[in-house]
Amino acid sequence: MRIRLVATTAVAAGALTALSAVPAQAAEYDSALKIRGIQYDAPGSDSNRCSGGNTAEEYLTIKNYSRSTTVNLKGYVVKDAAGNRFAFTASHTLQPGDYVKLRGGNGADSDTKNVVYRDNCNFMWNNDKDTIYVYKPSGARADVHSYTRSGSDPDRNGYITYHG
């Protein structure tokens, strides 16, 4: 009996270790809304000035991967590893297959141009590494991805594609 118990305990411990070793970006969430890609490093020299800066060239693309459900972004929250956050406070609907680019800087939000501005001229995403979290209005995670410049962006162009 003792040998079986030890063996069973070792197998269970191994399974728990394997589960805890799974990186955050490997989790697949039951959500139609997912991160399609991120331009984490704006082209050119970083300048977070509201006038003449390039903050708007940094963006996160979020896509509705549902085949039949329209998603209203109102109440969704996007965060990074440091706790920087953006909350969609206005209604912005994504039809099935539609996407939105969440850009830095200031500008006019537009359903027809698929853009929402953070109205903040500071960069949100780190150029070396970061983690992106998308939360549903209920507080449940919709999607999460981590990146590093060296491991996730082999061509080093500052853009990474996720759910294609």
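## Cross-links, sheet and a buried histidine

The structure holds 1 disulfide. The model described here is a predicted one.

**The disulfide**

The bond joins C50 to C121, with the two sulfur atoms 2.0 Å apart. A disulfide is a covalent bond between the sulfur atoms of two cysteines. C50 sits in the loop between β1 and β2, and C121 in the loop between β8 and β9, so the link ties together parts that are 71 residues apart in sequence. The link of C50 and C121 is right-handed, with 115° about the S-S bond. The two ends differ in their surroundings. C50 has a relative accessibility of 59% and, because the cut-off for exposed is over 50%, counts as exposed. C121 has 8% relative accessibility and counts as buried.

**The salt bridges**

Side chains of opposite charge can pair when their charged atoms come close.

| R149 | D41 | 2.3 Å |

The bridge of R149 and D41 links distant parts of the chain, 108 residues apart. R149 belongs to helix α2 (residues 149–152), while D41 lies in the loop between β1 (33–39) and β2 (59–64). D41 has a relative accessibility of 15%, and because buried means under 20%, D41 counts as buried.

Strands of a sheet pair through backbone hydrogen bonds, either parallel or antiparallel. Here an open sheet of 5 strands runs in the order β8-β7-β2-β1-β11, and its pairing is mixed. β8 and β11 are the edge strands, each pairing on one side only. On average, neighbouring strands of this sheet are turned by 25° against each other, direction ignored.

Which strands pair with β1? One is β2, in the antiparallel sense over 6 bridges. Strand β11 (residues 159–161) pairs with β1 in the antiparallel sense over 3 bridges.

I38 has bridge partners in both of these strands: L60 in β2 and I160 in β11. For Q39, the bridge partner in β11 is Y159. In β1, 6 of the 7 residues are buried, so the strand is largely enclosed by the rest of the structure.

**A buried histidine**

Is H92 buried or exposed? At 5% relative accessibility, H92 counts as buried. The residue lies in the loop between β5 (85–87) and β6 (93–94). What is H92 in contact with, leaving aside its neighbours within four places in sequence? The contacts are V71, N72, L73, V100, S110, D111, V115 and V116.

Key
Residues numbered from 1 in each chain as written. Predicted model: local features only at pLDDT ≥ 70, side-chain atom pairs only at ≥ 80, totals over all residues. Heavy atoms only, no water. Salt bridge = Lys/Arg side-chain N within 4 Å of Asp/Glu carboxyl O. Helix = DSSP H or I, 4+ residues; strand = E, 2+ residues; numbered from the N terminus. Buried < 20%, exposed > 50% of the residue type's maximum accessible area, 1.4 Å probe, protein only. Pairing = 2+ DSSP bridges. Contact = heavy atoms within 4.5 Å. Disulfide = S-S within 2.5 Å. Axes fitted to C-alpha atoms, helices over the stretch in contact; angles between N-to-C directions.
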